[in-house]
Amino acid sequence: MDKQPYNPLHGVTLQKIVTDLEAYFGFEELGQRIKIRCFTHDPSIKSSLKFLRKTPWAREKVEQLYIKNKHKLTASD
């Protein structure tokens, strides 16, 4: 039985979220939209994932940005 019938992030990995957002916006714009160091200072997917896995408030902001722009991100798939 599915415990999350309407979770827009169900089955979506953090790596996919960060990769899709970076591909669409680029790190420079991500850093402007969400002011966290992993996007503004020497950014990479790997360092961003490491930071976001340890920082729930930042991860939540990234997930919200993904949900808000999901229709744009998946259009390019």
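Lys16 and Asp20 sit 4 residues apart in helix α1, about one turn of the helix. Their side chains form a salt bridge, with 2.7 Å between the closest N and O atoms. The term salt bridge stands for a side-chain nitrogen of Lys or Arg within 4 Å of a carboxyl oxygen of Asp or Glu. The model is predicted, so local features need pLDDT of at least 70 and side-chain atom pairs count only at pLDDT 80 or more, while totals for chains, interfaces and linings use all residues. Residues are numbered from 1 along each chain as its sequence is written, and side-chain values use heavy atoms, with hydrogens and water left out.

## Overall layout

The chain has 4 helices and 0 strands, in the order α-α-α-α along the sequence. Helices (H or I, at least four residues) and strands (E, at least two) are DSSP runs, numbered from the N terminus. Of the 77 residues in the chain, 34% are buried. Here buried means under 20% relative accessible area, exposed means over 50%, and partly exposed lies in between (1.4 Å probe, protein chains only).

The chain exposes about 5,400 Å², and carbon and sulfur atoms supply 52% of that area. Accessible areas come from the Shrake-Rupley method with a 1.4 Å probe, and for residues only the protein chains shown count as cover. Among contacts in the chain with a separation of 6 or more, 54% join residues 24 or more positions apart; a contact means heavy atoms within 4.5 Å.

## Salt bridges

The structure holds 3 salt bridges. Side chains of opposite charge can pair when their charged atoms come close.

| Salt bridge | N to O distance |
|---|---|
| Lys16 and Asp20 | 2.7 Å |
| Arg33 and Glu29 | 2.7 Å |
| Glu63 and Arg59 | 2.9 Å |

Arg33 is partly exposed at 42% relative accessibility, and Glu29 is partly exposed with a relative accessible area of 29%.

Glu63 and Arg59 belong to helix α4 (residues 56-75), again 4 residues apart, about one turn of the helix. Glu63 counts as buried at 18% relative accessibility, while Arg59 is partly exposed with 30%. An α-helix has 3.6 residues a turn, so residues three or four places apart point the same way.

## Aromatic pairs

A pair of aromatic rings is described by the distance of the centres and the angle of the planes. Rings of Phe, Tyr and Trp (its six-membered ring) pair if their centres lie within 6.5 Å; planes under 30 degrees apart count as stacked, over 60 as edge-to-face and the rest as tilted. By this rule the count is 2 aromatic pairs. Tyr24 and Phe25 have ring centres 4.9 Å apart and planes at 90°, so this pair is edge-to-face. Tyr24 is partly exposed, at 40% relative accessible area, but Phe25 is buried at 11%.

Phe27 and Phe39 form a tilted pair, at 6.0 Å centre to centre and with 40° between the planes. Phe27 lies in helix α1 (residues 14-33) and Phe39 in helix α2 (residues 37-40), so the pair ties together parts that are 12 residues apart in sequence. Both Phe27 and Phe39 are buried.

## Ser48 and helix α3

Ser48 is part of helix α3 (residues 45-54) and is buried, with a relative accessible area of 0%. A polar atom of the Ser48 side chain lies 3.3 Å from the backbone oxygen of Cys38.

Which residues of α3 are buried? They are Ser48, Leu49 and Leu52. These residues cover an arc of only 100° around the axis, which puts them on the same side of α3. The arc is that of the directions from the helix axis to the C-beta atoms. On the face of α3 turned away from its buried side are the exposed residues Lys46, Lys50 and Lys54.

Definitions and conventions. A polar contact is a pair of N or O atoms within 3.5 Å; within protein, one must be able to donate a hydrogen and the other to accept it, and residues adjacent in sequence count only if both atoms are side-chain atoms.
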